[in-house]
Amino acid sequence: MKIFLFGVFFSLSTVFAQGIVAVANITKIQGMATINNQAVQVGQEVASGTIIKLAKKGDSLDIKFQNGHKMRLVGATVKVLDLTPKSTVLELVSGSIYAWANKLSNNERFRIKTKWASFAVRGTKFYLEENKLESYLCVCDGMVHVEKSDSAIEVEKFFDLTISK
């Protein structure tokens, strides 16, 4: 028993010492998904600089973040611009995201960018869809701060917003 506990402790201390604790991991895949053009596995880490692609419109992938945030990508292409324990910045190129973001502290950020706008979250549940013509946001709970090049607006729960040229 002592040898087993020592082995577990040694393994965990090695992981923490090397900084290999993932900020976000894939928890579920339905259909075909890739990260940087390689097939995705459940449990796989999501990191800054990666590109997640779902092959078909109905394919989906769930991500769980170490800080409790959750996200479902559906038929999406997403670039992970910045991903640390205190910062989540993604670019939704196409497809949709269902996001459940916990309340953030003042030094944390959770932002999703699209071709048309930038969506900042402080703790909310929302749906965001991006296509060639527009971005569509529907806020289920909380509030989303939306910035376009020349303006900004707060979108509250039960409201939606479509942004285009």
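Reader: In which sense do β5 and β7 pair, and over how many bridges?

Author: Happy to start there, with a note that this is a predicted model, in which local features need pLDDT of at least 70, side-chain atom pairs count only at pLDDT 80 or more, and totals for chains, interfaces and linings use all residues. Residues are numbered from 1 along each chain as its sequence is written, and side-chain values use heavy atoms, without hydrogens and water. Strands here are DSSP runs of E with at least two residues, helices are runs of H or I with at least four, both numbered from the N terminus, and two strands pair if DSSP finds at least two bridges between them. Lysine 53 stands opposite threonine 77 in β7, and β5 and β7 pair in the antiparallel sense over three bridges.

Reader: Which residue in the turn between β6 and β7 has a positive phi?

Author: Strand β6, residues 60–65, pairs with β7 in the antiparallel sense over five bridges. Lysine 64 has lysine 70 of β7 as its bridge partner. The two strands form a hairpin with four residues between them, and the turn residue with a positive phi, about 100 degrees, is glycine 68.

Reader: How many bridges link β7 and β8?

Author: A hairpin joins β7 to β8 through two residues. Valine 74 stands opposite serine 96 in β8. Strand β8 covers residues 87–101, and its antiparallel pairing with β7 runs over twelve bridges.

Reader: Where is confidence lowest in the protein chain?

Author: The chain averages a pLDDT of 88, and 87% of the residues score at least 70; pLDDT is the predictor's confidence in each residue, from 0 to 100. Over residues 1–19 the pLDDT is below 50, and this stretch has three contacts beyond near neighbours in sequence, a contact being heavy atoms within 4.5 Å. Where pLDDT is low, the predicted coordinates should not be read in detail. Strand β5 has the highest confidence, at 98, while the lowest, at a mean of 40, is in helix α1.
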